[in-house]
Amino acid sequence: MATSRPASLATDSLRQASAPGTRRTIPLTRRRLVLAAVVVLILVAGAGVWSHHAVSESVEDMLTANFQANLNVSAMALSAWLDNELALVRFWAEDETLRQMIETRLKGGAGGDAALANVQTLMAEGFTATEVQDWVIIGADGVVIFSNKNNPDQGKSIATVMTPHHEKVFQGQRVFVPPMPRADLIEMPTATTDETVMLTAAPVRNREGGVIAALVFTLSPDGNFSRILRASRLGDSGDTYAFDRNGYLISKSRFEADLRSYGLLPDATGSGSIPRLLIRDPGGDLSAGFQPTSPPDTWPPTRMLIS
């Protein structure tokens with residue numbers, strides 16, 4: 001009897017476990033394995049998401065650092081270039097022979113073609129290895145006193161748009177004027193052109209230190225100014241360009257042909273993207289065929305321009 005009862009209990013337990021409707025339970029060890037597998041899957045998925053996010057952040061940080069370094073180098077190079085150009089115009093504005101010629105002209109002596117030829121000869125000697133295209137010397141009244149041989153505007157007045165820059169020079173400051181149409185420099189210019197130029201200017205002082213004239217140099221934006229920016233372009237699609245406080249592009253763009261095809265620049269031969277292009281957001285990808293419903297001057301500024 002001692003051995004028959006346990007056997008009967010074991011048989012009853014098996015029957016109960018096999019009976020219909022009876023709930024079967026997973027052994028504890030198996031449940032632990034399933035739970036561990038689920039935890040591992042969650043951890044692996046989480047690690048994958050974290051890894052993807054970390055890699056994305058790393059790539060973004062690297063690109064940001066590259067762009068920032070590129071921007072810093074470009075800014076330093078442009079700053080050095082501008083310092084050199086302003087130093088050059090100041091050097092000539094402080095030339096004693098030039099000062100004497102200007103003072104004599106302003107006092108009413110040594111006028112006419114002889115005085116102009118003397119000044120032109122003096123100025124021509126120092127410009128063979130510079131970016132200076134031409135020059136003018138302007139009096140306090142805004143009238144051109146002297147100009148080089150390639151500039152026929154002697155005796156004419158500067159345009160109204162140039163007045164604020166002219167006033168700064170007569171306050172004793174050196175001035176840089178970003179790219180602008182040459183035709184806008186002088187009231188009723190002799191020659192009409194769509195050429196874009198930059199200007200540097202410095203005050204010419206008399207012996208007492210008073211400003212008696214402004215020496216103005218004309219530079220081409222296609223010179224070192226644009227070369228510095230072109231050298232910092234990234235890859236096949238990266239572009240580095242400069243713009244003024246009003247949001248106008250003041251340097252050449254590598255996508256000038258595309259800008260023309262989008263109708264943002266005129267098709268006239270020789271017309272560049274300086275400074276006719278206003279940097280704005282059209283609201284879509286123009287290269288993908290997006291057609292804006294409003295004119296460019298109504299588009300909002302780009303995020304870069306705002307920042």
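Let me start with strand S3, which gives the most to the lining of the second largest pocket, at seven residues. Before I go on, a word on what we are looking at. This is a predicted model, so to speak of local features we need a pLDDT of at least 70, side-chain atom pairs count only at pLDDT 80 or more, and totals for chains, interfaces and linings use all residues. Residues are numbered from 1 along each chain as its sequence is written, and side-chain values use heavy atoms, with hydrogens and water left out.

Back to that pocket. A pocket here comes from a 1 Å grid over the protein atoms alone: it is an open set of points where a 1.4 Å probe fits, with protein on both sides within 12 Å along at least five of seven lines, and lining residues have an atom within 4 Å of a point. The second largest pocket has a volume of about 540 Å³, where volume is the space filled by probe spheres set on grid points joined across faces, edges and corners. Its lining has 18 residues, and those nearest the centre are His165, Val177, Pro178, Asp244 and Asn246. Helix H5 and strand S3 (175–181) each supply at least two of the lining residues. Helices and strands, by the way, are DSSP runs numbered from the N terminus: helices are H or I with at least four residues, strands are E with at least two. By residue type, this lining divides into 12 nonpolar, two polar and four charged.

Now the largest pocket, which holds about 1,300 Å³ of space. The lining divides into 23 nonpolar, 13 polar and six charged.

Let's step back to the whole chain. The protein has eight helices and five strands, in the order α-α-α-α-β-β-α-β-β-β-α-α-α along the sequence. How confident is the predictor? The average pLDDT, the predictor's confidence in each residue from 0 to 100, is 77, and 71% of the residues score at least 70. Contact means heavy atoms within 4.5 Å.

The protein exposes about 19,100 Å², with carbon and sulfur atoms supplying 57% of it; accessible areas come from the Shrake-Rupley method with a 1.4 Å probe, and for residues only the protein chains shown count as cover. Of the 307 residues, 32% are buried. Buried means under 20% relative accessible area, exposed over 50%, and partly exposed in between, with a 1.4 Å probe and protein chains only.

A few individual residues, then. Ser74 lies in helix H2. Is Ser74 buried or exposed? At 5% relative accessibility, Ser74 counts as buried. Leaving aside neighbours within four places in sequence, Ser74 is in contact with Ile228, Ser232 and Thr240.

Glu103 is a charged residue in helix H3 (residues 96–106), and Glu103 counts as buried because its relative accessible area is 17%. Outside the four places on either side in sequence, Glu103 contacts Asn206, Arg207 and Ile212.

Ala159 is in the loop between strand S2 (144–147) and H5, and Ala159 is buried too, at 9% relative accessibility. The C-alpha atoms of Ala159 and Leu185 are 5.3 Å apart, although 26 residues separate them along the chain. With neighbours within four places set aside, Ala159 is in contact with Asp184, Leu185, Ile186 and Glu187.

Finally, Arg245 sits in the loop between helix H6 (224–231) and H7. Arg245 is exposed, with a relative accessible area of 84%. From Arg245 to Leu305, 60 residues apart along the chain, the C-alpha atoms are separated by 8.8 Å. Thanks, everyone!
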